[in-house]
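Have the viewer open and follow along.

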Amino acid sequence: MWSFFSRDPTKDFPYEVGDPVHGLEDRSVWSLHKGKKRGTQDEVSIFLFDVQKSSETLFDIAKASLKKLKTMRHPSLLHYLDSCETEKFLYVATELVEPLVTHLEDLKLEGQQKDLFLAWGIFQITRALSFFNNDGNMRHNNVCLYSVFVTSAGEWKLGGFEFLTAQGQDNSSPIPIKILPALEIYDPPEKKDPSKLKSVTKCSSDMWGLGCLIWEAFNGPLKNQPSLKTVDHIPKQLCTLYCELVSANPASRPNPADIITRCRKLGGYFKNDLIDTMLFLEEIQIKDKVEKGKFFSTLSSFLDNFPEAVCVHKILPQLLTAFHYGDAGSAVLVPMFKIGKLLEEADYQKQIVPCVVKLFASNDRTTRSRLLQQLDQFIMHLQNSTVNDQIFPQVVHGFLDTNAIIREQTVKSIVHLAPKLNYNNLNVEVLKHFARLQSKDDQGGIRTNTTVCLGKIAAHLHPQIRQKVLVSAFVRATRDAFPPARQAGVLALAATQQYFLLAEVANRVLPALCPLTADPEKQVRDAAFRTIKGFLGKLEKVSEDPSLKEGMEADVHTATPSLSNAAATWAGWAVTAVTAKFYRSHSDTARVQHSVKSALSKPGSLEQPSSSSMSTTTSSVTSMTSLEHSESASDYDPEHWDMTAWGEIDSSAGTGTGASARSPPSSGSAHATPALAALCEDDWDGEWGTLQEQPSAEAELASPSETWNNAAWSEAAAAHNASATYVRGPAPARLAAHQNSNDSLGGWEDGEFEPIEENVDENNASKMDEMRRKREERKLQRQREMEARRSARGQGPMKLGSKMNSPAPPF
């Protein structure tokens with residue numbers, strides 16, 4: 001009757017018992033099962049003892065081992081979660097583990113990864129035995145392949161506490177009798193030789209077991225004790241220690257603490273990158289910022305040699321903890337993204353993406369710089385909504401940053417972000433900033449890379465926007481005072497030729513390219529000639545066979561065009577050149593020539609070097625596919641993380657260029673041509689070099705637009721068109737005129753570029769006169785509007801001789 005009202009204890013046990021796990025059959029009083037926690041479904045391990053089928057003695061041993069497991073806490077001991085006792089079974093829930101014997105049988109690691117894994121595991125068991133023997137004054141008495149378990153993180157945990165004894169217990173024998181016959185093979189030799197019992201130490205029996213475990217780790221399960229003499233598979237670093245552990249004399253077996261000390265010395269078995277890394281992570285909370293920075297900077301180079309399970313389940317959680325609750329900051333990005341490649345998509349979204357979103361909201365320049373550099377490693381895991389709503393609004397601030405390095409990296413990042421951006425962010429916001437950077441940024445490298453990036457993302461633009469913007473933007477680049485920018489404009493026109501109507505090619509593209517055939521730089525001329533030949537060949541084919549026109553213009557209005565059509569094959573070289581590399585500008589090389597701190601905290605240090613050093617700074621051609629990651633957390637000053645006003649950018653751009661224009665010619669400008677020769681060593685292979693913008697060198701270079709001039713034109717015609725940007729004059733005046741024309745361009749509207757497309761023959765003279773008349777009309781209209789506004793304020797223009805009764809209002 002009372003049993004009817006009794007409560008089932010298993011209902012309070014919050015774990016479900018699953019399938020059995022093989023490996024412990026006759027070598028433990030417990031049977032191991034898989035399990036899950038109710039509610040959360042977290043996986044655990046369940047050790048099950050069958051009360052009804054076991055003897056009273058085994059039941060007492062099981063209860064004693066459970067009691068000891070509850071009270072023991074150490075990183076290298078099996079972690080206890082919960083337990084439950086019923087009339088039929090005794091349940092013990094622990095962290096998810098599997099027997100070491102099973103894990104080694106299924107182990108797929110090879111070479112250095114396997115060696116590091118075994119060394120780390122043996123170190124952990126040695127550390128656990130040191131805790132028992134030295135700190136707890138206890139003997140484990142059951143160290144073997146079947147008392148060690150492995151977690152999902154690859155950590156070895158010592159279990160099997162069935163025969164654990166205290167050092168001060170009154171026993172007739174210091175070595176207990178093991179009830180299970182299969183475990184007698186691990187008994188030390190002094191158990192059968194009473195004469196040696198006097199030399200037994202507090203750790204001698206466990207050290208014998210450690211020797212057996214080392215042998216089994218490299219050879220498999222032990223069949224008989226004589227096999228311990230075979231040391232062929234044991235590493236040479238470990239042979240001397242192993243022989244001491246399996247010595248017949250108990251007194252000669254070393255203490256586990258001494259083993260750790262000896263093997264942790266330089267050249268020892270426990271002195272390797274994995275153990276050093278794991279020990280540092282265990283003590284990371286007490287490390288200072290300098291130590292953490294050095295550790296995280298070198299960690300990524302070791303990860304390839306570490307077991308995948310250790311990286312994913314042990315190192316990555318420590319990195320995330322250091323990021324969320326420590327002061328590691330952006331230093332954890334490189335190793336975190338490298339380990340993130342090993343994660344499943346669901347795990348990546350859960351663990352890595354929240355960190356990325358949080359980091360993009362940071363005002364620290366180092367963090368933003370490293371995120372932009374590593375963007376290609378995690379962009380594929382970001383959802384489109386996350387990019388548009390949380391990441392892009394933070395990235396866009398970089399276009400307005402006062403530091404050139406951040407602006408340049410922001411431009412390059414758009415290549416990876418473009419496929420995920422929505423219509424407004426890509427076709428409005430990005431292009432607005434690109435137009436401003438291309439025309440008004442004082443760094444030639446940024447203007448160049450803006451053109452390159454626009455060519456890369458052309459396929460993602462809306463067809464109507466693309467048709468409206470591309471020609472105008474690339475034609476603008478061909479008139480830049482910086483030679484690599486002009487070259488980038490030519491290559492971009494060739495790479496995106498499938499997006500141009502044939503009428504645009506004839507009326508706008510070719511007239512813009514022809515002046516470049518007389519460009520001062522040979523590389524620009526070569527690119528212009530090759531591109532012009534391609535466009536002319538395209539027009540000639542359509543002229544001979546008009547039916548080809550539809551195929552030639554097939555991609556103009558297509559949202560997802562392809563370069564596979566026949567019209568695009570001739571410009572394949574240009575596609576490679578534009579889409580393969582970015583131009584490496586002064587903002588990149590400044591990190592090599594100067595400290596990053598001075599480059600970022602002092603904008604003045606970003607001034608362009610004199611042209612006399614041009615030959616040395618342009619001698620190498622370096623790919624921008626992989627960017628430098630040498631900045632430190634202190635290199636970027638958060639106080640400079642401000643958004644410069646539009647007007648300030650305009651004025652600064654004009655001032656910077658004006659200064660360049662006023663610079664006198666330098667003898668070092670003679671190196672400009674060899675520098676550009678280094679820029680394209682392999683003849684259009686896409687290598688963008690380290691050429692820096694040289695103000696004094698540019699002063700001697702003719703303006704790109706002046707190549708429109710024909711030698712047959714008379715001086716009177718040149719004087720008549722003195723206001724046009726193509727008039728030849730002194731170098732400073734030409735550059736100033738070029739900058740003024742750029743300053744007047746705020747976007748890529750087609751009409752804004754018409755005055756730049758000068759007349760090549762006399763047939764277009766009427767067109768120039770009409771445009772000049774329109775400009776005069778607009779000027780008069782603005783004057784009339786200004787006078788109307790003054791009249792509305794009641795303050796008209798003062799007449800000569802009138803007396804001012806009150807001070808004029810400030811304007």
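**Entry 1: a phenylalanine to start from**

Leaving aside its neighbours within four places in sequence, which residues is Phe500 in contact with? I looked them up, bearing in mind that this is a predicted model. The list runs Leu470, Val471, Phe474, Leu493, Val505, Val509, Phe535, Glu553 and Val556.

**Entry 2: the cores**

I then asked where Phe500 belongs. The largest nonpolar core has 169 residues, and Phe500 is among the four that touch the most other members, along with Trp156, Ile315 and Leu454. Helix α4, residues 111-135, gives the most to this core, with 12 residues. Apart from it I found another core, of eight residues, which include Phe13, Ile46, Cys84 and Tyr91. I jotted down the general rule beside this: in soluble globular proteins, nonpolar side chains tend to be buried together.

**Entry 3: α20 against α21**

I checked the geometry: α20 (residues 463-478) and α21 (residues 483-495) pack at an angle of about 145 degrees, with axes 7 Å apart. The crossing is left-handed.

Is Ala495 buried or exposed? Its relative accessible area is 8%, so Ala495 is buried, the cut-off being under 20%. Gly455 sits 40 residues from Ala495 in sequence, yet their C-alpha atoms are 7.1 Å apart in space.

**Entry 4: two covered helices**

Next I turned to α11, residues 333-340, where six of the eight residues are buried. I listed them as Leu333, Pro335, Met336, Phe337, Ile339 and Gly340. What covers them? I found that the cover includes α9 (289-302), α10 (308-325), α12 (345-351), α13 (353-360), α14 (365-373) and α15 (375-378).

That made me curious about α14 itself. Nine of its nine residues are buried, so α14 is largely enclosed by the rest of the structure. The buried residues of α14 include Arg365, Arg368 and Arg370, as well as Thr366, Thr367, Ser369 and Gln373. Leu371 and Leu372 are buried there too.

**Entry 5: two asparagines with positive phi**

Asn137 has phi near 50 degrees, and Asn141 has phi of about 65 degrees. Asn137 is found in the loop between α4 and β7 (138-139), while Asn141 lies in the loop between β7 and β8 (148-151). Their cover is worth a note as well: Asn137 is partly exposed, with a relative accessible area of 40%, whereas Asn141 is buried, at 7%.

**Entry 6: the whole chain**

Last, I stepped back. The protein chain has 34 helices and 10 strands. Of its 811 residues, 52% count as buried. The chain exposes about 37100 Å², with carbon and sulfur atoms supplying 53% of that area. Among contacts between residues at least 6 apart in sequence, 72% join residues at least 24 apart.

Note on methods:
Residues are numbered from 1 along each chain as its sequence is written. This is a predicted model: local features need pLDDT of at least 70, side-chain atom pairs count only at pLDDT 80 or more; totals for chains, interfaces and linings use all residues. Side-chain values use heavy atoms; hydrogens and water are left out. Helices (H or I, at least four residues) and strands (E, at least two) are DSSP runs, numbered from the N terminus. Buried means under 20% relative accessible area, exposed over 50%, partly exposed in between (1.4 Å probe, protein chains only). Contact means heavy atoms within 4.5 Å. Accessible areas come from the Shrake-Rupley method with a 1.4 Å probe; for residues, only the protein chains shown count as cover. Axes are lines fitted to C-alpha atoms, for helices over the stretch in contact, and angles run from 0 to 180 degrees between N-to-C directions. A crossing is left-handed if the near helix is turned anticlockwise from the far one by less than a right angle, and right-handed if clockwise. A nonpolar core is a set of buried Ala, Val, Leu, Ile, Met, Phe, Trp, Tyr and Cys residues joined through side-chain atoms within 4.5 Å.
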